[in-house]
Structure formats: structure tokens, C-alpha cells
Amino acid sequence: MELDVRLPMGGMFALLGGVLTIYGLVTLHDPYRSSLGININLWWGLLILLFGILMLLLAFRARGKARAMPPMAARSDD
């Protein structure tokens with residue numbers, strides 16, 4: 001069984017994005033955490049979280065396709 005790099009990468013990005021999103025929500029009204037009126041932690045956290053979820057979905061989809069494919073027939077060179 002091969003390890004798809006999208007699986008650990010997606011998990012890492014989803015975890016980091018979730019933490020950053022929660023931090024952005026907790027510090028929603030803190031003026032020192034925003035830049036030009038934009039909560040940077042919240043928006044980047046959401047973006048990183050979506051990227052992580054996308055990587056996880058692609059990894060699980062590839063794993064499902066690999067299981068659904070029949071094994072290759074043995075070829076003979078006769």
C-alpha cells in the first residue's frame with residue numbers, strides 16, 4: 001500500500017487552518033489583530049482549511065479509485 005502525500009499534507013493544512021480560523025474568530029473584535037479592518041487570521045485560516053479539505057478529498061478519491069480498479073492481468077510473452 002502506497003502512502004499518498006495528499007493525505008498527511010491535507011491533514012496538516014486542515015488542522016492548521018482550523019486552529020487559525022478559531023483564533024481569528026476568538027479575536028474578532030480585537031483591533032490589534034486586524035489589518036486595515038480585515039481579520040487576516042480568519043480569512044487565511046479559512047483559505048488554508050479549504051485547501052486542506054480539498055487535499056483530503058482528493059486523497060480519499062484516489063484511494064477509492066485504486067481499490068475499485070481490478071488487478072492487472074498477468075501478461076505472458078509467449
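Arg6 and Asp4 are joined by a salt bridge, with 2.9 Å between the closest N and O atoms. A salt bridge here is a side-chain nitrogen of Lys or Arg within 4 Å of a carboxyl oxygen of Asp or Glu. The structure holds 1 salt bridge. This is a predicted model, in which local features need pLDDT of at least 70, side-chain atom pairs count only at pLDDT 80 or more, and totals for chains, interfaces and linings use all residues. Residues are numbered from 1 along each chain as its sequence is written, and side-chain values use heavy atoms, with hydrogens and water left out.

Arg6 is partly exposed, at a relative accessible area of 27%, and Asp4 is partly exposed at 23%. Buried means under 20% relative accessible area, exposed means over 50%, and partly exposed lies in between (1.4 Å probe, protein chains only).

Thr27 sits in the loop between helix 1 (6–26) and helix 2 (40–68). Helices are DSSP runs (H or I, at least four residues), numbered from the N terminus. Thr27 counts as buried, with 11% relative accessibility. Thr27 and Asn41 are 14 residues apart in sequence, and their C-alpha atoms are 8.8 Å apart in space.

Helix 2 contains Trp43, which is exposed at a relative accessible area of 54%.

Terms used
Helices (H or I, at least four residues) and strands (E, at least two) are DSSP runs, numbered from the N terminus.
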